[in-house]
Amino acid sequence: MPAPLRTAALAAACVLIIAGTVYLLVQMLVRLAPLTLAIVVALLLAALVHPLSDRLRRARVPPWIAALTGVLALLVAITGSLVLIGQRAMDQLPNLQRSLKEGLGRVRDFALNGPFPISQAQVDAMTRGLARAARAAAPDPVGGATAAAQVAASILIAFVLLFFMLKDGRAMWQWTLRACPARFRRALDEAAEAGWGTLVSYVRGIVVIALVDAVGIGVALALIGVPLALPLALLTFIAAFVPIIGATVAGAAAVLVAFVTNGPGDALLVLVAVIVVQQAEGNLLQPLIQGRALDLHPAVVLVAVTAGTLLGGIAGAAVAVPLVAVANRVTAVVRATPPDEPA
């Protein structure tokens, strides 16, 4: 066999082996999706909360108390926000129902009397079609209960893992490092430190960006007089954790609510506000806060979000970018750090 052909065959075999290994690994992670997401979420939350836990430990607070304080502080922040949003939403529910009914009437009148030739029968047919699609998309009771149980179990596992990561994170990593060959330990330790630093920078940056987005959109909605400004601001904050897609979905929801409740004029104002905030985020906040931490091309971010969505839904989309950023940083450090010479 000619040498070039042998080289090509060997390269093809290596590519197939690597592709098969990656495929099996991805399939295993997908089958263990609740556990995989719980571990990733615990790591993200640990990157967010560990400064509080470390500060308490430096003040000679016992490690388990410092870790528990960090977990409880996070739980209080989450539950307090949800309770506040839920209370405000319930207070505005009667006015929202009335505005929604009037808004749907305006949409119907616009469809019938607007520039598009739509008849009453066509509007009724579209309404029935939307109703059927909504019923078809709704999960069955058994499937919904199973999904809810899986989500609850994942959340519980994530918070338990978060506690142990805050309490024994360094010891857990040292135990893992001792299981690796001695000549690779220094490179792996440096790569892990770099990856952890990237994860911490990403989490802190995305929280700041999400907060700025939520405040900007919330203030604009409140000034325009759109109902549910606070819940929509919370939706904007949560959606900011999904790059590219999240901002679009949150902005569309705000514009839709404004259109249905306040009419096309206010909807146009909300659209302008959403565009201004998103442009400020994409052109100023993202490069300034996360540019060095991520070091990823926008095309890579888009592919990562799409792959995460296909594999894990919304949760997969939210964790895809930090995972790719950490993997990119870890790979770079491992390649740049030669293994130790055997003794």
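## Basis

Residues are numbered from 1 along each chain as its sequence is written, and side-chain values use heavy atoms, without hydrogens or water. As the model is predicted, local features need pLDDT of at least 70 and side-chain atom pairs count only at pLDDT 80 or more, while totals for chains, interfaces and linings use all residues.

## The cavity

The structure holds one cavity of 30 Å³ or more (a set of points on a 1 Å grid over the protein atoms alone where a 1.4 Å probe fits but cannot get out; lining residues have an atom within 4 Å of a point). The largest cavity contains about 90 Å³ of space, a volume being the space filled by probe spheres set on the points.

Helices H6 (185-224), H7 (229-239), H8 (245-262) and H9 (264-294) each supply at least two lining residues (helices are DSSP runs of H or I, at least four residues, numbered from the N terminus). H9 gives the most, with four. Among the lining residues are Asp213, Thr236, Gly251 and Glu281.

## Helix H10

Helix H10 (residues 298-336) has 39 residues, yet its end C-alpha atoms are only 25 Å apart. A straight helix would reach 57 Å at 1.5 Å a residue, the expected span being 1.5 Å times one less than the number of residues. A kink of about 145 degrees is centred on glycine 312 (the angle between axes fitted to the seven residues ending there and the seven starting there).

## Serine 154

Serine 154 belongs to helix H5 (residues 141-178). With a relative accessible area of 15%, serine 154 is buried (under 20%, 1.4 Å probe, protein chains only). Beyond its neighbours within four places in sequence, serine 154 is in contact with Pro34 and Ala38 (heavy atoms within 4.5 Å).

Terms used. Buried means under 20% relative accessible area, exposed over 50%, partly exposed in between (1.4 Å probe, protein chains only). On a 1 Å grid over the protein atoms alone, a cavity is a set of points where a 1.4 Å probe fits but cannot get out, and a pocket is an open set with protein on both sides within 12 Å along at least five of seven lines; lining residues have an atom within 4 Å of a point.
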